[in-house]
Amino acid sequence: MMDRPNDEPLRTPLCDLLGCEVPILLAGMGGVSRWELAAAVANAGGYGMLGMVRESIDLITREVTAMQAATDRPFAVNLIPAATEPQLLEAQIACCLDLGVTAFCFFWDVMPDVVARVKNAGCLVLHQVGTEAAARLAEEAGADVIIAQGIEAGGHVHGRSPAFGLAERILAGTDLPVVV
Ligand SMILES: Cc1cc2nc3c(=O)[nH]c(=O)nc-3n(C[C@H](O)[C@H](O)[C@H](O)COP(=O)(O)O)c2cc1C
C-alpha cells in the first residue's frame with residue numbers, strides 16, 4: 001500500500017488533502033477506534049481516526065500520544081460537540097491542539113463555533129452528516145470534507161436515507177470531497 005504512485009486510481013484528491021495513500025477512512029467510533037486500530041489503518045495507507053466522544057482529557061492524552069508514537073501518518077480525532085458538555089468539549093479540543101492534533105472529525109449537529117475554533121487553529125475539519133441540509137451547514141461553517149452517513153449505518157445514526165443516494169445529492173451541491 002505504501003509509496004503508491006500518484007496515477008493509480010485509488011489515489012484521489014482526498015488522499016492528498018488528508019495525507020493518506022488510499023481513500024479509506026476509519027470511522028471515529030467511540031470506544032472502538034482506539035490508537036491500536038487507528039494506527040493500523042493509518043500505517044496500511046488509510047486514514048485513522050480516534051473515537052474520543054465524551055472521553056476524559058487523561059484518556060485523550062494517552063490515546064493521542066500512543067497514536068503519535070505508533071505512526072507518523074496524519075490522523076483525526078472524532079468528537080461529537082452536541083453530545084458533550086461545553087466545558088469538557090473545550091478542554092478536549094484544547095488538549096488535542098496542545099498535543100499537535102491537526103484534524104478533527106465532528107458528528108451530529110453542526111456547531112459552527114466549534115468548527116471555527118479548530119479551523120482558526122489551522123486544523124482540517126471532516127464533518128459527518130446525515131442530511132443535505134446538515135452538509136450545507138457544515139460547508140458554511142468551514143468543513144473541508146463531508147462524510148455522508150446513511151440510514152444503514154451502525155452506531156448513532158443521523159442518516160435518513162441510503163448513504164450512496166445521500167452522497168450523490170450532497171456532491172451535486174458542493175465542491176468538497178464527500179466520503180461514504
Ligand atoms: C460501534 C460504533 C460506534 C460509533 N461511534 C461513533 C462516534 O463516536 N462518532 C462518530 O462520528 N460516528 C460513530 N459511529 C458511526 C460511524 O462514524 C459511521 O457512520 C458508521 O460506522 C457507518 O456505518 P457502517 O459502519 O455500518 O458502515 C459509530 C459506529 C459504530 C458501529
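This is a predicted model: local features need pLDDT of at least 70, side-chain atom pairs count only at pLDDT 80 or more; totals for chains, interfaces and linings use all residues.
The opening pair is helix 2, residues 35-43, and helix 3. Their axes lie 9 Å apart, and the two helices pack at an angle of about 30°. Angles under 35 degrees count as roughly parallel, so helix 2 is roughly parallel to helix 3. The crossing of these two helices is right-handed. Which residues make the contact? From helix 2 they are Trp35, Ala38, Ala39, Ala42 and Asn43, and from helix 3 they are Glu63, Ala66, Met67 and Ala70. Sorted by class, this contact of helix 2 with helix 3 has seven nonpolar residues, one polar residue and one charged residue.

Let us move on to helix 3 and its other partner. Helix 3 spans residues 57-70 and helix 4 spans residues 86-98; their axes are 10 Å apart, at an angle of about 25°. Helix 3 and helix 4 are therefore roughly parallel as well. Here too the crossing is right-handed. Helix 3 contributes Ile57, Ile60 and Thr61 to the contact, while helix 4 contributes Leu88, Ala91, Gln92, Cys95 and Cys96. How many of the residues in this contact of helix 3 with helix 4 are charged? There are none: six are nonpolar and two are polar.

Helix 4 also packs with helix 5, which covers residues 112-120. The axes of helix 4 and helix 5 come within 11 Å and cross at roughly 15°. This pair is therefore roughly parallel, and helix 4 passes helix 5 in a right-handed crossing. On the side of helix 4, the residues in contact are Leu89, Glu90, Ile93, Ala94 and Leu97; on the side of helix 5, they are Val114, Arg117 and Val118. In the contact of helix 4 with helix 5, six residues are nonpolar, two are charged and none is polar.

I turn now to the ligand. Around it there are 14 residues, of which Gly28, Gly30, Asn78, Gln128 and Gln149 come nearest. For Gln128, the side chain takes part: one of its N or O atoms is 2.7 Å from an oxygen atom of the ligand. At Gly154, a polar backbone atom is again involved, 3.0 Å from an oxygen atom of the ligand.

Most residues other than glycine have a negative phi. Arg54 sits in the loop that joins strand 1, residues 48-51, to helix 3. Trp108 is the other case, with a positive phi near 70°. Its place is the loop between strand 3, residues 103-106, and helix 5.

Helix 2 is roughly parallel to helix 3, helix 3 to helix 4, and helix 4 to helix 5. Thank you for your attention.

Definitions and conventions. Residues are numbered from 1 along each chain as its sequence is written. Side-chain values use heavy atoms; hydrogens and water are left out. Axes are lines fitted to C-alpha atoms, for helices over the stretch in contact, and angles run from 0 to 180 degrees between N-to-C directions. Helices (H or I, at least four residues) and strands (E, at least two) are DSSP runs, numbered from the N terminus. Angles under 35 degrees count as roughly parallel, over 145 as roughly antiparallel, 65 to 115 as roughly perpendicular and the rest as oblique. A crossing is left-handed if the near helix is turned anticlockwise from the far one by less than a right angle, and right-handed if clockwise. Contact means heavy atoms within 4.5 Å. Ala, Val, Leu, Ile, Met, Phe, Trp, Tyr, Cys and Pro count as nonpolar, Asp, Glu, Lys and Arg as charged, and the others, Gly among them, as polar. A residue is near a molecule or strand if one of its heavy atoms lies within 4 Å of it. A polar contact is a pair of N or O atoms within 3.5 Å; within protein, one must be able to donate a hydrogen and the other to accept it, and residues adjacent in sequence count only if both atoms are side-chain atoms.
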